[in-house]
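Trainee: I would like to learn how to read this fold. Where do we start?

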Amino acid sequence: VRKAPKNMEDYLSSGHIGLSFLREFKGGIDDTLKRQGQPRRVEISVSNFSTAGTYLRGTKMLVTLPALMRLTEMKDFASVPLPFQFSSGKMNMIWHQSYQEDEQHKWLRKEMVEVVKSLPEK
């Protein structure tokens, strides 16, 4: 619905979909921008990468996600590099404690780690 942000000013003046796993919104992108004295305007916060496209479709908002998302859930959307330096954060696997000793779940976690290790750095 919109053109890509042309610069940092355009990026910051846009509405954003934020990603936060916490009840109170907090994200790595926002921490980086606040350190630079340039906070963004988060209009919606989602708890996982996969749902961002649902909220993005048909709006003029932006969402900042890992680049590899453009190959899967975000393949129907345009993407551009960020207009600022950002060191990618750490990714964590989270599961309910009841699955800690489940053999099938252990296998799945091991497979996921192997897939991530095989991905290109950028």
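**Order, cores and surface**

Mentor: From the N terminus, the elements run α-β-α-β-α-β-α. Helices (H or I, at least four residues) and strands (E, at least two) are DSSP runs, numbered from the N terminus. The model is predicted: local features need pLDDT of at least 70, side-chain atom pairs count only at pLDDT 80 or more, and totals for chains, interfaces and linings use all residues. Residues are numbered from 1 along each chain as its sequence is written, and side-chain values use heavy atoms, without hydrogens and water.

Trainee: Which residues make up the largest nonpolar core?

Mentor: A nonpolar core joins buried Ala, Val, Leu, Ile, Met, Phe, Trp, Tyr and Cys residues through side-chain atoms within 4.5 Å. Buried means under 20% relative accessible area, exposed over 50%, partly exposed in between (1.4 Å probe, protein chains only). Here the largest core has 10 residues, including Ile-17, Val-46, Leu-56 and Phe-77. Strand 1 (15-19) and helix 3 (52-56) each give two or more residues to this core. Another core, of seven residues, lies apart from it, with Met-8 and Tyr-11 among them.

Trainee: Is Trp-107 buried or exposed?

Mentor: Trp-107 counts as exposed because its relative accessibility is 53%. Trp-107 lies in helix 4 (residues 103-118).
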